[in-house]
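Hi,

Here's the structure I said I'd pass along. Have a look, and my notes follow below.

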Amino acid sequence: MGMARSRLVAGNWKMHGSRASIAALLDALVSENPGAGCAVCPPFPYLQQVAERLRGSAIAWGAQNVSEHAQGAYTGEVSAAMLAEFGCRYVIVGHSERRQLFGERDAQAAAKFAAVRAAGMTPILCVGETLEERDAGKTEAVVERQILAVVEKNSFSNAVLAYEPIWAIGTGRNATPEQAQAVHAFLRRKVPSETPILYGGSVKPQNAAAIFAMPDVDGGLIGGASLVAKDFLDIVKAAKT
Ligand code: PEP
C-alpha cells in the first residue's frame with residue numbers, strides 16, 4: 001500500500017493587506033485552530049508579522065516568490081536563504097501571474113525551485129494553461145512542458161504541485177471537478193507518487209468539497225477566498241472531510 005499523500009490548503013494573499021488587516025485575519029485563523037494542513041502566503045513585508053503570530057500554531061506560512069540567485073546585486077529580490085532564516089516553509093514558484101505579468105520562463109521557475117529546495121523549504125510549483133491553449137487541445141502539452149523544465153533539473157522530492165488553469169484564476173469560473181481530475185491524473189504520472197497535487201482557480205466554500213473529493217486532488221491553492229477568514233477556514237475543513 002502506498003503512503004497516503006498529505007493534504008494542503010494554501011492561501012495566496014497576493015498583493016493584498018496591511019498590518020491591521022493581516023493581524024485581524026491571523027487572529028481569526030488562529031482562534032479557529034484549523035490544525036495542520038494549511039498555510040498562508042503573505043506579501044514579503046509581512047512575513048515577520050505572520051511568523052510571529054503563527055508561532056506555536058499548526059498553520060504554516062510561505063512566500064509567493066523567491067529569487068533564483070543566492071545573493072548579490074539583484075535589486076528588489078529576496079533570496080531563499082532570507083526566507084528560510086525567518087522560518088518559511090513553503091514558496092510558491094512559477095505562479096501564472098509571475099509568468100504572465102513578469103515574464104518568468106520555465107527555466108527560471110526551475111532555478112527558483114532548485115533554490116527553494118537547497119534552502120530546505122518546500123516549493124509549490126504552479127502549472128496551468130490559458131483558455132486559448134485549452135481550446136486548442138494543448139492543456140496536457142503545456143503542463144507537461146512546465147513540469148519537465150523543472151524535473152529535468154531537479155529531483156521532484158519534498159515538493160507540492162499546483163494545477164492552476166489560468167482561465168479559472170480570479171475569474172469566478174472554476175474548473176469542474178472532472179476537468180481538474182483529468183489534468184491531475186495526467187500530472188500524477190509525472191511526479192513522485194507522494195507529491196500532493198493542489199487545484200487552484202476560483203476555489204470557494206461552495207465548490208471546494210466537490211473538487212477535493214476527486215481522487216487525484218489533494219487540496220487547493222486559494223487566492224481571493226483566502227483573504228476572508230471564514231471562507232478560507234471552510235475550504236480547509238472541506239479538504240479534511
Ligand atoms: C491563485 O492565484 O493562485 C488563485 C487560485 O486565485 P483565485 O482563488 O482567486 O482564483
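**Helix pairs and cores**

In this predicted model, the axes of helix α5 (residues 106-118) and helix α7 (residues 139-153) come within 8 Å and cross at roughly 45 degrees. That angle makes α5 oblique to α7 (angles under 35 degrees count as roughly parallel, over 145 as roughly antiparallel, 65 to 115 as roughly perpendicular and the rest as oblique). On the α5 side, Asp106, Ala109, Ala110 and Phe113 make the contact, with Arg145, Gln146, Ala149 and Val150 on the α7 side (contact means heavy atoms within 4.5 Å).

Then there's α9 (residues 205-212) with α10 (residues 229-240): their axes come within 9 Å, crossing at roughly 20 degrees. These two are therefore roughly parallel to each other. Pro205, Ala208, Ala209 and Phe212 of α9 meet Asp231, Asp234, Ile235, Ala238 and Ala239 of α10.

Phe212 turns up again in the largest nonpolar core, which has 63 residues; Phe212, Val40, Leu83, Val91, Leu161, Leu187 and Tyr199 touch the most other members. A core here is a set of buried (under 20% relative accessible area, 1.4 Å probe, protein chains only) Ala, Val, Leu, Ile, Met, Phe, Trp, Tyr and Cys residues joined through side-chain atoms within 4.5 Å. The most residues come from α10, which gives seven. Apart from this core lies another, of 13 residues, Ala60 and Leu221 among them.

Housekeeping: residues are numbered from 1 along each chain as its sequence is written, and side-chain values use heavy atoms, leaving out hydrogens and water. Local features need pLDDT of at least 70 and side-chain atom pairs count only at pLDDT 80 or more, while totals for chains, interfaces and linings use all residues.

Cheers

How values were computed: Axes are lines fitted to C-alpha atoms, for helices over the stretch in contact, and angles run from 0 to 180 degrees between N-to-C directions. Helices (H or I, at least four residues) and strands (E, at least two) are DSSP runs, numbered from the N terminus. Buried means under 20% relative accessible area, exposed over 50%, partly exposed in between (1.4 Å probe, protein chains only).
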